[in-house]
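Biologist: I am new to this structure. Please walk me through it, step by step.

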Amino acid sequence: MTQFLGHRWIILALLLGAVTAVAGGVYRLGYRQALDSLAERSAADLALASDRVTTQLQVYQELAVLMADHPALKTLDSEPSRRAAKVLLREVADKTAALDVFFVDRAGRVVVAAAGVMGRDVTQEGYFHRAMQGALGTGYDVLNPRERRAYIYAAPDFDTNGRVRGALVVVADVEDVEQTWRGSLPAVFFTNRGGEVFIANRRELLFWQRSVEGPGLSPPDGRPVALRAWREGSHEIWDLRWSPYLPERALHQAVNLPQIGMVGEILVDVTPAQRLAALQAAAVAAIVLALGAMLVLALDRRRILAKANAVLESRVAARTRALSATNTRLTREVQERLEAEAALKQAQEDLVQAGKLSALGQMSAGISHELNQPLMAIQQYAENGEAFVARGKPDRAGENLGRIAQMAGRMARIIKNLRAFARNESEPMGQVDLVQVIGTAAELTEQRLHQDGVTLKWEPPAEPVFAWGGEVRLSQVFVNLINNAADAMLEQEHREIRIAIRQGRAEEGDRLLVTVADIGPGLKEPEKIFDPFYSTKAVGSSEGMGLGLSISYGLVQSFGGNIRGINTGNGAEFTVELDRWAEPWQQTRQKWSEKTEASAPEEDDVA
């Protein structure tokens, strides 16, 4: 036990060392990747700030170039012309927010000025010498007494001989340029050619000087400040401790702006990059620690499992004996369940047959009438034929014999339908003509409907309509539906049943739909109509036990179809949905039907 604990402490120490090394490596990698992303965003911010400054200063550049050729500045040799030019320049300065706009001649004397803030001698200024050479001069200065920073453009003015006769100088207010972007970005500043911060969105950086010893800035008063700079990969990092308005640790980037003679620089806080790298390192450390803990636990668990294995083996033997006994009992229960399912299937088939015989019993009076009427007609035609033969009229006797044959055919058709309806069908399902099935059901219920004064509206299509099912069982379904509709209308004077075949819509599965509708009182409880023994007839009535619709529901379900009943507002309507007969899958369905029905015992047809 002591040896195991010693090994475990060694494993824990190695695990902590590995976690520290991996977390450090992940931190370095994540920090550099975060710096790369931060550098891309800060470069975009610096470019945006640089564009703003150069664009706003360019307005004053264009003003100087355009105003240099103004006609009012061509003749300044008289006092009235100088006063008019001064009014023009003052108006331009007011509209453009320039600090001053003035015109100097080749000697550097200010001839006319809008405000006169630059004094009277510009001969020592670089922008003046540049303009006298025929080019656009630029410069910057701090104007007293308010120490206002100014950026200056000087555009040369040429006489008719192409020689420089003077220059128009526009003095731009740098503070006005800063107003539009101050505080909206990270710390951004622009240093002039002398390394002095001349434009910035942080006022505390103004007039700081670039350090001659390396990266960093020095305050104007020369006092020492805490600043360290180093490179992290390809990025330059500054550690700042001398301003509450600047990040303590920042990413420094710079871009040269030759169009204004300055260098744009930006300081972006790297704390989010450090935080992201720390989160990544912590996540990896947590995962490694979790894996290590799982390893230690696995080793500990292995020891415990080895100890418990012996106990488990003894329990397995006892459990195996118990499972064997349970398996024997389950096998016996499965056999009993199979026998019960077979008995249930047989009971369902007997129930279907009982339903058909019950329907035949209800139709017995009408069937007797249907058979008795042709028999009486046959007897009468036979007697008439005998009389015509005795009188020597064979033609008339032949007509009576033909009528006898017609009556016999009618009786044969009625008996055929009865036999088909009454027998216990065991043939597999297949192709069924719905028109013929509905016609058979109509013939079987014709006498009953005639006796009860029920009008049957059924217009069979001109061509057969083939569906998937069993002919006898489908006939039983429609006989039940017709009889139920007739029963529902016994208490009213006008009675009518409508049967129609139509093609289902796309949302109904493109199936065949047969509707049987009446104009009776409707369904009292539509959700219960297919429940066994549910009936709206009086208790103890001999007209039915409430099994007709339940049997019909089961028969239609066995064909893969569906049956539903609804109230239409003018009565009840039952819809039987059936699959169309389709050749490609007919054989597969028929084989499946034969396989499922092969176990059912065949019975003789009921004559």
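**Rings, helices and confidence**

Biologist: How many aromatic pairs does the count come to?

Modeller: This is a predicted model. Rings pair if their centres lie within 6.5 Å. By this rule the count comes to 4 aromatic pairs.

Biologist: Tyr140 and Tyr151 form an aromatic pair; is it stacked, edge-to-face or tilted?

Modeller: The rings lie 6.3 Å apart, centre to centre. Tyr140 sits in strand β3 and Tyr151 in strand β4, 11 residues apart, so the pair links distant parts of the chain. Planes under 30 degrees apart count as stacked and those over 60 as edge-to-face. Here the angle between the planes is 35°, and the pair is tilted.

Biologist: Helix α8 and helix α10 cross at roughly 50°. What does that make α8 to α10?

Modeller: The axes of α8 (residues 434-444) and α10 (residues 471-488) come within 9 Å. Angles under 35 degrees count as roughly parallel, and 65 to 115 as roughly perpendicular. The crossing at roughly 50° therefore makes α8 to α10 oblique.

Biologist: How many residues of the contact of α8 with α10 are nonpolar?

Modeller: From α8, the contact includes Leu434, Val437 and Ile438. From α10, Leu474, Phe478 and Ile482 are among them. The contact also has 3 polar residues and 1 charged. The nonpolar residues number 9.

Biologist: Over which residues is the pLDDT below 50, with 2 contacts beyond near neighbours in sequence?

Modeller: The mean pLDDT of the protein is 78, and 80% of its residues reach 70 or more. Residues 599-607 stay under 50, with 12 contacts beyond four places in sequence. The stretch with 2 contacts is residues 539-543.

Note on methods: Residues are numbered from 1 along each chain as its sequence is written. This is a predicted model: local features need pLDDT of at least 70, side-chain atom pairs count only at pLDDT 80 or more; totals for chains, interfaces and linings use all residues. Side-chain values use heavy atoms; hydrogens and water are left out. Axes are lines fitted to C-alpha atoms, for helices over the stretch in contact, and angles run from 0 to 180 degrees between N-to-C directions. Helices (H or I, at least four residues) and strands (E, at least two) are DSSP runs, numbered from the N terminus. Angles under 35 degrees count as roughly parallel, over 145 as roughly antiparallel, 65 to 115 as roughly perpendicular and the rest as oblique. Contact means heavy atoms within 4.5 Å. Ala, Val, Leu, Ile, Met, Phe, Trp, Tyr, Cys and Pro count as nonpolar, Asp, Glu, Lys and Arg as charged, and the others, Gly among them, as polar. pLDDT is the predictor's confidence in each residue, from 0 to 100. Rings of Phe, Tyr and Trp (its six-membered ring) pair if their centres lie within 6.5 Å; planes under 30 degrees apart count as stacked, over 60 as edge-to-face and the rest as tilted.
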